[in-house]
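Subject: Handing over a structure

Hi,

Here is the structure I promised to send you. Have a look at it first, and then read on for what turned up.

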Amino acid sequence: MPVHGRSIQVVTVNRGAPVVVSTWGSEECVCGTMVLMEVTSIQSFLDYFSKIRERTMRVVACIPPDKVEWRAAAGKFTLGDLARHIAATERNVFVECACGGRNCYAGCGRELAEGRDEVVRFMERMHSESMDMLTRLSDGKLRQKCQSADGTPITTWKLLRSMVEHEVHHRGELYAYLGALGVSVPPLYGFTSEQLREIAGRPAETGLRY
Ligand code: NI
């Protein structure tokens with residue numbers, strides 16, 4: 001049974017009974033482990049998205065200036081491509097479409113921003129424009145249809161949800177490529193795997209930083 005509300009909630013099903021497990025939302029479950037996320041408040045989404053982007057920017061800041069256009073293999077995105085791609089798709093695909101426009105993505109090449117500092121500034125500019133546009137989106141609009149990248153109708157909140165997954169996917173590539181280059185990168189939530197093991201089961205002192 002779905003649980004709906006203005007806030008974003010996570011719901012799972014335990015032997016058929018819905019259980020709210022956090023402030024993120026689930027609409028339906030087909031088994032005891034599957035949880036879907038529903039975005040019902042633009043402000044809650046923007047708060048969440050801001051934190052996602054902060055963690056992405058921490059990784060981008062680790063790209064060595066002389067490795068911005070390094071690529072793992074022919075045909076793969078360079079590190080700079082990945083950063084520019086996150087920003088360009090955010091602004092020109094996801095947010096443009098969520099706000100009633102059409103996909104106007106024009107690639108993620110170095111002509112958009114050259115060098116690590118310029119890439120960071122490009123990302124900040126795209127994100128700032130995107131946040132300004134999304135701030136004007138009403139909660140009601142989240143439930144209405146817009147166009148996806150290929151023009152297919154999609155519910156606006158589902159498109160915004162996919163923007164987050166898309167960013168996280170490419171952030172993971174940044175982590176992997178930087179790791180392969182031997183660059184030290186920040187743990188996602190401030191703890192390494194070893195630290196997580198060490199603190200497991202201890203009384204709470206400081207929470208994970210979501
Ligand atoms: Ni992509």
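Leaving aside neighbours within four places in sequence, which residues is Val68 in contact with? Val68 touches Ile63, Thr78, Leu79, Gly80, Gly115, Arg116 and Val119. Please keep in mind throughout that this is a predicted model.

Val68 sits in the loop between helix 1 and helix 2. Is Val68 buried or exposed? Val68 counts as buried because it has 22 C-beta neighbours inside 10 Å, and the cut-off for burial is 20 or more. One of its contacts, Arg116, is 48 residues away along the chain, yet the two C-alpha atoms are separated by 6.2 Å.

Now the overall layout. The protein chain has 6 helices and 4 strands, and in sequence order they follow the pattern β-β-α-α-α-α-β-β-α-α. Of the 210 residues in the chain, 29% are buried. If you take the contacts between residues at least 6 apart in sequence, 55% of them join residues at least 24 apart.

In soluble globular proteins, nonpolar side chains tend to be buried together. Here the largest nonpolar core has 19 residues, and the members that touch the most others are Leu79, Ala83, Ala87, Met123 and Leu174. Helix 1 (42–60), helix 2 (79–98), helix 3 (116–135) and helix 5 (156–180) each supply at least two residues of this core. Helix 2 gives the most, with 6 residues.

Two packed helices are described by the angle between their axes and the distance between the axes. For helix 2 and helix 5, the angle is about 180° and the axes are 10 Å apart. The pair is therefore roughly antiparallel, as angles over 145 degrees count that way. On the helix 2 side, the residues that meet helix 5 are Leu79, Leu82, His85, Ile86, Thr89, Glu90, Phe94, Cys97 and Ala98. Helix 5 answers with Thr156, Leu159, Leu160, Met163, His166, Glu167, His170, Glu173, Leu174 and Tyr177. By class, this contact of helix 2 with helix 5 holds 11 nonpolar, 5 polar and 3 charged residues.

How do helix 1 and helix 3 compare in their own pairing? What angle do the axes of helix 1 and helix 3 cross at? The axes cross at roughly 175° and come within 11 Å, which means helix 1 is roughly antiparallel to helix 3. Ile42, Leu46, Arg53, Met57 and Val60 from helix 1 meet Val120, Met123, His127, Met131, Leu134 and Thr135 from helix 3. The residues of that contact divide into 8 nonpolar, 2 polar and 1 charged.

Helix 5 is worth a look by itself. Helix 5 has 25 residues and spans 37 Å from its first C-alpha to its last, close to the 36 Å expected at 1.5 Å a residue. Its buried residues are Thr156, Trp157, Leu159, Leu160, Met163, Glu167, Arg171, Leu174, Tyr177 and Leu178. What covers those buried residues? The cover includes helix 1, helix 2, helix 4 (139–142), strand 3 (145–147) and strand 4 (153–155). Just after helix 5, Gly182 takes a positive phi of about 80°.

Finally, a pair of exposed positions. Gln43 lies in helix 1 and is exposed, with 11 other C-beta atoms within 10 Å. Thr135 belongs to helix 3 and counts as exposed because it has 10 C-beta neighbours inside 10 Å; 12 or fewer is the cut-off. Thr135 and Gln43 are 92 residues apart along the chain, and their C-alpha atoms are separated by 7.4 Å. Gln43 also has Asp139, 96 residues away along the chain, at a C-alpha separation of 8.5 Å.

Methods:
Residues numbered from 1 in each chain as written. Predicted model: local features only at pLDDT ≥ 70, side-chain atom pairs only at ≥ 80, totals over all residues. Core = buried A, V, L, I, M, F, W, Y, C linked by C-beta atoms within 7 Å. Axes fitted to C-alpha atoms, helices over the stretch in contact; angles between N-to-C directions. Parallel < 35°, antiparallel > 145°, perpendicular 65-115°, else oblique. Contact = placed C-beta atoms within 7 Å. Nonpolar A, V, L, I, M, F, W, Y, C, P; charged D, E, K, R; others polar. Expected span 1.5 Å × (residues − 1).
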